[in-house]
Structures are given as C-alpha cells and as structure tokens.
Amino acid sequence: MSAAGAVPDPGIDAMRAIMQWPDKTMIAVDFDGTLAPIVDDPDRAFGDPRAIAALGRLGGLGLTIAVITGRPARTVVRLGRFTSVPGLRNMIVLGQYGVERWDAATGEFSIPPEPDGIDALTAEVDQLLASLDLSDARLEHKGRAIGVHTRELANPRAAFETLLPRLNDLAERHRWAIEPGKNVIEIRAPGMDKGVALRSLIEETGVRQVIFAGDDLGDLPAFRMVQNLRAEGFPGLLVCSASHEEDALTEISDLIVSGPDGVAEWLGRLADSLAARRS
Ligand SMILES: O=P(O)(O)OC[C@H]1O[C@H](O[C@H]2O[C@H](CO)[C@@H](O)[C@H](O)[C@H]2O)[C@H](O)[C@@H](O)[C@@H]1O
C-alpha cells in the first residue's frame with residue numbers, strides 16, 4: 001500500500017506480496033539473454049549455473065518456477081540442465097512461445113506436430129538468402145519456426161536491416177508471424193505469444209503474484225500481460241535483463257539488472273531474503 005498522496009508503485013506492492021506469500025508466487029523467466037548469456041552459436045548457449053541454482057533454491061522455498069522461451073522446450077531443457085537440480089522438481093518449461101511444454105514433475109514433453117508449410121517456407125528463406133548473398137547466415141530450424149541469425153555475419157546490423165522487411169513480406173504471404181530479436185529474425189507459426197502463455201499458466205497454477213524476467217522483444221507480450229494483470233489488481237514484478245543490444249523493456253520494468261550476470265545475482269539475493277524470513 002503506498003503512502004497517502006504518493007504515486008502507487010506496483011513493483012513495490014508486488015515485492016511485498018512475494019515476500020509475504022512465496023508459496024503463492026510464480027517466477028517465470030526467459031532463457032536466452034536472461035538465464036543464459038548470449039553466445040554466437042545458439043546450440044552452445046547454457047543456463048548460468050548460478051541462476052539455475054538460485055531458481056532451485058526458490059523452488060525449494062515454495063515458488064512456482066517456469067521458463068518461457070522462444071526455443072523448443074526440448075532444447076532449453078537440455079541447455080538449461082534443469083533435471084539435475086532438486087528444487088526444480090516441479091518446474092515447467094513452455095517452449096516456442098508457449099506452444100510446447102515440459103513438466104519436470106513427470107519428465108514429459110507435450111510437443112504438437114509441426115505445422116503444414118514449414119518445408120515450403122524453409123525453401124523460400126534459403127532462396128531469399130542466396131539472392132541477397134547472405135547464405136552464410138546461420139539458420140535455426142525449430143520445427144514450427146525458422147530463425148535467421150545475423151550475429152556471425154560480417155555486418156550483422158546491415159544484414160538484419162536488409163532481411164527484416166523481406167522476411168516480413170515472406171511471413172505475411174504465408175500468414176506466419178515475424179519475431180525480431182537480438183541479431184535474429186524468426187518466422188514462426190502464429191497464434192501464441194509469451195503473454196498468453198504466462199496468463200494461462202498463472203490461471204492453471206492458481207498463484208497470486210508473478211515475477212517475469214526477460215531481455216528481448218519476444219518478452220514484450222509477457223511484460224504487457226503483467227501490466228494488464230496489475231491493472232486487474234494482480235501483483236506483478238517486471239525484471240529487465242539489460243544489454244546494449246535491446247532497450248525496449250527498460251522503461252516498463254520495475255527492476256533493471258545487468259544481463260544474465262545481474263539476473264543470477266538478483267535471483268540469489270531474492271532466495272537469501274526469502275530464506276532469512278523463513279528461519
Ligand atoms: O525467448 P528466448 O529464450 O530469449 O529465445 C529467444 C531467441 O534466443 C536465441 O537467440 C539468441 O540467443 C543466441 C544464443 O545466445 C544468440 O546467438 C542469438 O543472437 C540471440 O538472438 C535462439 O537462438 C532463438 O531461437 C530464440 O528465439
């Protein structure tokens with residue numbers, strides 16, 4: 001509750017609720033750029049062990065732990081190495097913006113079949129890259145999305161700017177969605193985003209407050225969803241994993257930390273504070 005006359009601060013209200021009812025709190029975290037440092041080769045990304053350990057401690061303290069990612073669920077479970085962490089026994093991973101799911105409690109994946117048209121789309125992306133002399137761009141095939149990565153090209157920014165309108169046209173023709181990110185442009189099957197995924201997980205689990213942490217444009221729908229939830233009286237805390245590559249989330253965040261290092265440190269401090277309150 002804010003002091004009379006003061007501007008209400010939803011982040012502070014959320015933090016109070018989290019400290020008071022940790023077992024009614026969900027912490028939902030993005031993967032790349034938030035839990036995992038950005039690296040050139042997406043297949044060499046890894047969950048920061050300090051962040052994963054802190055999430056494990058938070059899980060042990062009763063919080064519901066979720067990862068909501070643009071990656072396939074199987075990839076993130078492998079790269080994050082969540083299965084070896086005792087406190088993550090009940091964690092949930094939502095992959096491909098919420099279409100796929102992994103439940104640590106059962107070890108089961110729920111992965112819908114690949115949508116029709118992915119092969120035709122892939123062939124067109126290949127042709128487009130060849131026509132622009134950008135065939136060196138790394139392609140990430142995700143079954144229901146293709147990621148075109150520009151990070152390792154000679155001029156990543158110029159390649160990104162050249163590709164964005166063209167891949168956008170291609171996606172529109174196929175009625176697919178375009179998802180620009182940090183040196184990556186994805187064409188993906190439409191119909192889901194991290195905001196919808198987050199809301200539905202909140203409803204399913206019955207938590208009463210949420211923390212969402214992210215770093216990139218694909219996290220914006222989740223940030224907006226938390227803002228909507230707050231307008232409905234549901235406490236939420238928005239944490240931005242900041243970097244020089246993207247600043248779209250900074251203004252709407254309650255807390256800005258310095259990239260995955262800052263996220264790991266903050267999660268550790270949150271676990272310390274909650275453990276101290278309990279003892
Ligand atoms: O929702 P996320 O978990 O943040 O996934 C978003 C995209 O992240 C990955 O790309 C980013 O990380 C790569 C590895 O560090 C980096 O090389 C790339 O430049 C970044 O954009 C991933 O490869 C994509 O599939 C995800 O959609």
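Two strands count as paired if DSSP finds at least two bridges between them. In this predicted model, strand 1 (residues 25–29) and strand 10 (residues 209–214) meet that criterion, pairing in the parallel sense over five bridges. Thr25 stands opposite Gln209 in strand 10. Ile27 has Ile211 of strand 10 as its bridge partner.

Strand 10 also pairs with strand 11 (residues 236–242), again in the parallel sense and over five bridges. Here Ile211 is bridged to Leu237 of strand 11. Strand 10 is mostly covered, with six of its six residues buried. In a regular strand the side chains alternate between the two faces of the sheet. Gln209, Ile211 and Ala213 point one way from strand 10, while Val210, Phe212 and Gly214 point the other way.

These strands belong to an open sheet of eight strands in the order 5-4-3-2-1-10-11-12, and the pairing is mixed. Strand 5 (108–110) and strand 12 (255–258) stand at the edges. Each has a single partner strand, so one side of each lacks a neighbour in the sheet. From one strand to the next, the twist averages 20°. Helix 3 (residues 73–80) packs on this sheet. Helix 3 touches strand 2 (64–68), strand 3 (92–95), strand 4 (100–103) and strand 5. The direction of helix 3 makes about 130° with that of strand 3.

A second open sheet has four strands in the order 6-7-9-8, with antiparallel pairing. Its edges are strand 6 and strand 8 (177–181). Each of these edge strands has a single partner, so one side of each is left without a neighbour in the sheet. Strand 8 and strand 9 (residues 184–188) run antiparallel and are joined by five bridges. Gly181 has Val184 in strand 9 as its bridge partner. Helix 5 (residues 156–174) packs on the sheet and touches strand 7, strand 8 and strand 9. Its direction makes about 5° with that of strand 9. Helix 4 (residues 118–131) lies across strand 7 (145–149) and strand 9, running at about 15° to strand 7.

Leu139 is partly exposed, because 13 other C-beta atoms lie within 10 Å, whereas a buried residue needs 20 or more. Beyond its neighbours within four places in sequence, Leu139 is in contact with Ile146, Gly147 and Val148. Leu139 and His244 are 105 residues apart in sequence and 24 Å apart in space, C-alpha to C-alpha.

In soluble globular proteins, nonpolar side chains tend to be buried together. The largest nonpolar core of the model has 60 residues. Residues with the most contacts inside this core include Ala28, Val93, Phe212 and Leu267. Leu267 touches Ala51, Ala54, Leu55 and Leu58, not counting residues up to four places away in sequence. A second, separate core has 17 residues, among them Ala137, Ala145, Ile146 and Ile185.

The domain assignment of the chain gives domain 1 (10–112 + 192–278) and domain 2 (118–188). Their C-alpha centres lie 27 Å apart. Domain 1 and domain 2 each contribute 13 residues to the contact. The side of domain 1 that touches domain 2 has five nonpolar, four polar and four charged residues.

Notes:
Residues numbered from 1 in each chain as written. Predicted model: local features only at pLDDT ≥ 70, side-chain atom pairs only at ≥ 80, totals over all residues. Core = buried A, V, L, I, M, F, W, Y, C linked by C-beta atoms within 7 Å. Buried ≥ 20, exposed ≤ 12 C-beta atoms within 10 Å, placed from the backbone. Contact = placed C-beta atoms within 7 Å. Helix = DSSP H or I, 4+ residues; strand = E, 2+ residues; numbered from the N terminus. Axes fitted to C-alpha atoms, helices over the stretch in contact; angles between N-to-C directions. Domains from an automatic or database assignment. Nonpolar A, V, L, I, M, F, W, Y, C, P; charged D, E, K, R; others polar.
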